[in-house]
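Please keep the sequence and the three-dimensional view at hand while reading.

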Amino acid sequence: MKQNYPLVSIIIPAKNEQINIARCLGSIKKLNYPPKKLEVLVVDGMSKDKTAQIAKGFGAKVISNPKQIVASARNLGFRQAKGSIIAFTDADCTFHKQWLARALRYFRDPKIAACGGPNLTPQEESNFGRAVAFVFAQPAFSAGSNYGRYFKKVKEVNHIPGCNAIYRQRVLQKAMPVNEKLLTGEDVILNKKIVDLGYKILYTPDTIVYHYRRPTPRRLFWQFYRFAIGRLQIGKIDKRFLNPSHLVIGLSLPIL
């Protein structure tokens with residue numbers, strides 16, 4: 001069966017991630033997936049630290065991202081990716097060994113365009129990081145998003161978080177590029193395009209990544225602030241995505 005495994009391109013946006021990138025790429029090396037069937041692309045947002053150097057040391061292809069935002073990173077990575085399966089994730093993630101092997105099972109149905117599962121808290125996460133993860137997991141603070149939440153069953157959804165999102169390349173060809181005017185939330189619009197094309201997106205609880213949260217209140221504040229601004233931008237594109245709770249949570253929760 002390993003001879004039939006498709007080539008998977010893993011695309012990782014990164015900027016000043018020297019603390020995380022080695023852990024992320026080391027985890028990819030441990031995946032239960034044929035190494036010759038993996039392509040890792042680190043799209044570097046002009047890092048001032050050793051992110052690019054470390055990535056090259058792990059054998060990843062490093063692509064320069066002058067715009068320094070996630071949207072442009074996804075577009076740049078996708079343009080150079082060779083795989084028939086495209087996996088988007090983040091530099092502060094690690095992976096269950098069966099992450100990709102399990103995901104492939106869901107693509108037997110040709111109408112399935114993408115799947116993605118939970119981003120769980122690593123055991124060695126800091127106390128602050130665990131507190132952040134707890135907040136993300138609460139329905140009252142998720143504002144309808146699947147981010148940070150865990151569901152026990154496979155279900156059809158309209159959106160999967162960009163840190164754990166695995167797509168058919170041929171479907172992304174129809175939906176990419178993502179909007180580079182968006183500070184955040186480009187994955188929301190991407191997934192909407194895919195659903196509008198008549199494809200299905202699945203939440204799959206057994207395709208697991210482990211996501212380290214922002215380690216300080218300051219960095220958490222800026223994450224939520226960027227999230228709120230991104231939602232405002234999305235709302236200008238489609239008012240159905242402008243939920244007042246996104247703004248309340250995005251702007252007030254970090255201050256609280």
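## Terms and basis

A residue is called buried when its relative accessible area is under 20%, exposed when it is over 50%, and partly exposed in between, using a 1.4 Å probe and protein chains only.

The model is predicted: local features need pLDDT of at least 70, side-chain atom pairs count only at pLDDT 80 or more, and totals for chains, interfaces and linings use all residues. Residues are numbered from 1 along each chain as its sequence is written, and side-chain values use heavy atoms, with hydrogens and water left out.

## Overall composition

The protein contains 10 helices and 11 strands. Helices (H or I, at least four residues) and strands (E, at least two) are DSSP runs, numbered from the N terminus. Of its 256 residues, 52% count as buried.

Contact means heavy atoms within 4.5 Å. Among contacts between residues at least 6 apart in sequence, 77% join residues at least 24 apart.

Strands are said to pair if DSSP finds at least two bridges between them. S1 and S2 run parallel and are joined by seven bridges, with Ile-12 opposite Val-42 of S2. Between these two strands the chain passes through helix H1 (residues 21-29), and this β-α-β crossover is right-handed. A crossover has that hand if, with the strands pointing away from the viewer, the path from the first strand over the helix to the second runs clockwise.

S2 is also joined to S3 by four bridges, and these strands run parallel. The bridge partner of Val-42 in S3 is Val-62. The chain reaches S3 from S2 through helix H2 (residues 51-57), in a right-handed β-α-β crossover.

## Helices H3 and H8

Helix H3 spans residues 70-80, and its buried residues include Ala-71, Ser-72, Ala-73 and Arg-74. Asn-75, Gly-77 and Phe-78 of H3 are buried as well. What covers the buried residues of H3 includes strands S1 (8-14), S2 (38-44), S3 (61-64) and S4 (85-89), together with helices H7 (169-175) and H8 (186-196).

In H8 the buried residues are Glu-186, Asp-187, Val-188, Ile-189, Leu-190, Asn-191 and Ile-194. Gly-198 follows H8 and has a positive phi, near 100°.

## Aromatic rings and charges

A pair of aromatic rings is described by the distance of the centres and the angle of the planes. Rings of Phe, Tyr and Trp (its six-membered ring) pair if their centres lie within 6.5 Å; planes under 30 degrees apart count as stacked, over 60 as edge-to-face and the rest as tilted. The whole structure holds three aromatic pairs. One of them, Phe-88 with Tyr-167, is edge-to-face, at 5.8 Å centre to centre and 65° between the planes. Phe-88 belongs to strand S4 and Tyr-167 to strand S9 (residues 164-168), so the pair ties together parts that are 79 residues apart in sequence. Both residues, Phe-88 and Tyr-167, are buried. Phe-95 and Trp-99 form a stacked pair, at 4.6 Å centre to centre and 25° between the planes. Trp-99 is buried, with a relative accessible area of 0%.

A charge sits over a ring if NZ of Lys or CZ of Arg is within 6 Å of the ring centre and within 35 degrees of the ring normal. Arg-23 lies over the face of Tyr-212, 3.5 Å from the ring centre. The charged end of Lys-111 sits over the ring of Tyr-199, at 5.2 Å from its centre.

An open sheet of three strands has the order S5-S11-S7, with mixed pairing. Its edge strands are S5 (93-95) and S7 (119-120), each pairing on one side only. Three bridges join S5 to S11 (residues 209-211), and these two strands run antiparallel. Cys-93 stands opposite His-211 of S11.

A disulfide is a pair of cysteine sulfur atoms within 2.5 Å, and by this rule the count is zero. Cys-93 is in no disulfide; its nearest cysteine sulfur, that of Cys-163, is 4.7 Å away. Cys-93 is buried, with a relative accessible area of 1%, and Cys-163 is buried too, at 2%.
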